[in-house]
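Please read it with the sequence and the model open.

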Amino acid sequence: MTNKVRILWADDEIDLLKPHVLFLEAKGYEVTTVCSGNEAIDQVDEHYFDIVFLDENMPGLSGLETLQKIKELDGSLPVIMITKSEEESIMEEAIGSKISDYLIKPVNPNQILLSVKKNLDERRLVSEKTNSGYQREFQQIGMRLMDRLDHEEWCELYRKLVYWDLEMDRSDDKGMEEILAMQKSEANRQFSKSIKQNYLNWVNGVDEAPVMSHTLLKTWLAPMMKEKPGEKVYLIVIDNLRYDQWKTIQPKIADLFRVEEEKMFYSILPTATHYARNALFSGLMPSEMAKLFPNEWKNEEDEGGKNLAEEHFLEANLKRMGLDVSKSYHKITNLNAGKRLLDNFHQLQNNDLNVIVYNFVDMLSHARTEMEVIKELADDESAYRSITSSWFDHSPLLEMMKIMASQGAKVAITTDHGTVKVDQAVKVVGDRNTNTNLRYKTGRNLDYNAKDVFEIRDPRDAFLPKQNVSSSFIFATDNDFFVYPNNYNHFVNYYKNTFQHGGVSMEEVLIPFIILQSK
């Protein structure tokens, strides 16, 4: 590990700044120089930097355009803008884009003006810049939604929507937030159509599939462990962690780790812990688990916990992948369990692989449904992210990650599925053995409107267990949730605007997989 501060300096006249670079290097800094905005973006995408010096007036991609791209890649990366211009409008534009400082060649009193603006008007300027930036991109996103996007393009579009969602947290314009919410809803409708068209082809090998729950460890974790034998690897699975929630906790570990890679994979259906997390650890689809591990796999109607065999599934999967490694597996379901693991964390340091499953975020989503006080604290998406952020600040997990960083370990953070805020009830009828999940149903003789759901009449087509001759699966899409006709209005009011999982939406299906390297 190194403690050197890494600086990226982008200026089309970088050769004239050689004395400045040598001065910084003599002070112990590591400086990388580039001559254009495009080179700067490539460097930020491929390497870690602590800070960026950015010339505003470069040919090709301007400094302000480069700044926007850099912030999309890493919103927490400090950027200092350097320019010859003294126009006040350019200063406001740069401050609105969230620079950390602003220098004018040569140094002059306008720096004082900039300091005043940063301290007094930053919130207004950032809000104005956010709104104008999204307005420019609104039409572009809308046009993309009209295209037939492949699985990688859906991930790219979802990242963009989450980026603007997080930016809107800094804005006071409720009208613009509503427009973004409407565009996200439209994106989810189109995404659900894409899943309906492609999912069965993916899992049956008809079309090229994205990385999915059951192929994740083989595709991404195994090569990571084989690349550097002996390197300590931690796999942290935070149940129900959405991509936007990851982005809110990312800055909290920025001093500990650099993000080596930020990828996305697709959860299998149902996007529920019973199916998705077991598939993640086993490397198998549900029907394959039921066949190979009849004593460990639990169907919907079976008594007992549905995720009690994860460690066993993991061991078998590691063996199939040829990973003969020392490992540990820990599942944290409450604060005391987290504290106990933290107290005994030294016992993990000699293992090649340590797997930690953390259940807080999933418990938060359930608590928000059932407890009025949590509903009030997490009234909307922004507040839901805020509670997740606050939990992480004070959790034993953050303290564990500090130890991981001190060990020079590599860390992978992921989840099994996400969750979506539901607001539209869809009627479904089933017998008393039908499962209770609000976003998917499985059972005999289900009665529903086929236009409202993604239906899989024969579960075997999706590698799902078929318990009875007439069993089928249906999945809620967009922001829908299933309600029985009995006491319909009561349950609609009770579950509306709660966070649920099991169905088809970008928030549930598109899963972050983050590789961190300690600094």
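The numbered points below proceed from the whole chain to individual residues.

1. Basis of the note. The model is predicted: local features require pLDDT of at least 70, side-chain atom pairs count only at pLDDT 80 or more, and totals for chains, interfaces and linings use all residues. Residues are numbered from 1 along each chain as its sequence is written, and side-chain values use heavy atoms, with hydrogens and water left out.

2. Overall composition. The protein chain has 19 helices and 18 strands, where helices (H or I, at least four residues) and strands (E, at least two) are DSSP runs numbered from the N terminus. Of its 519 residues, 55% count as buried; buried means under 20% relative accessible area, exposed over 50%, and partly exposed in between (1.4 Å probe, protein chains only). The accessible surface comes to about 23,500 Å², 48% of it belonging to carbon and sulfur atoms; areas come from the Shrake-Rupley method with a 1.4 Å probe, and for residues only the protein chains shown count as cover. Among contacts with a separation of 6 or more, 74% link residues 24 or more positions apart, a contact being heavy atoms within 4.5 Å.

3. Nonpolar cores. The largest nonpolar core has 111 residues, and those with the most contacts inside it include Tyr199, Leu235, Tyr266 and Met401. Such a core is a set of buried Ala, Val, Leu, Ile, Met, Phe, Trp, Tyr and Cys residues joined through side-chain atoms within 4.5 Å. Helix H6 (residues 151–168) gives the most to this core, with 10 residues. Another core, of 19 residues, lies apart from it and has Ile41, Val52, Leu67 and Tyr102 among its members.

4. Helix H17. In this helix (residues 396–406), the buried residues are Pro396, Leu397, Leu398, Met400, Met401, Met404 and Ala405. Neighbours within four places in sequence aside, Met401 is in contact with Ile236, Ile253, Leu256, Phe257, Phe392, Val411, Ile413 and Leu516. Glycine 408 follows H17 and has a positive phi, near 70 degrees.

5. How many of the residues of helix H10 (residues 273–282) are buried? The count is 10 of 10, and the buried set includes His274, Arg277 and Asn278. After the helix, glycine 283 takes a positive phi of about 70 degrees. Proline 270, in the loop between strand E7 (257–266) and H10, is joined to leucine 269 by a cis peptide bond with omega of about -5 degrees.

6. Leucine 216. This residue of helix H8 (residues 216–227) counts as buried, because its relative accessibility is 0%. Residues up to four places away in sequence not counted, leucine 216 touches Val211, Leu221, Phe265, Leu280, Thr414 and Phe513. Leucine 216 and leucine 280 are 64 residues apart in sequence, with a C-alpha to C-alpha distance of 6.6 Å.

7. The parallel sheet. An open sheet of 5 strands has the order E2-E1-E3-E4-E5 with parallel pairing; two strands pair if DSSP finds at least two bridges between them. Strand E2 (30–34) and strand E5 (101–104) are the edges, each pairing on one side only. Between strand E1 (residues 6–10) and E2 there are 5 bridges, and tryptophan 9 stands opposite threonine 33 in E2. Helix H3 (residues 63–73) lies across strand E3 (51–55) and strand E4 (79–83), at about 175 degrees to E4; axes are lines fitted to C-alpha atoms, for helices over the stretch in contact, and angles run from 0 to 180 degrees between N-to-C directions.

8. Positive phi outside glycine. Asparagine 487 has a phi near 55 degrees and lies in the loop between strand E16 (480–483) and helix H18 (488–495); at 55% relative accessibility, asparagine 487 is exposed. Asparagine 497 has a positive phi of about 65 degrees and counts as partly exposed, at 35%.

9. Cysteines. The structure holds 0 disulfides, a disulfide being a pair of cysteine sulfur atoms within 2.5 Å. Cysteine 35 is partly exposed at 39% relative accessible area, whereas cysteine 155 is buried at 7%.
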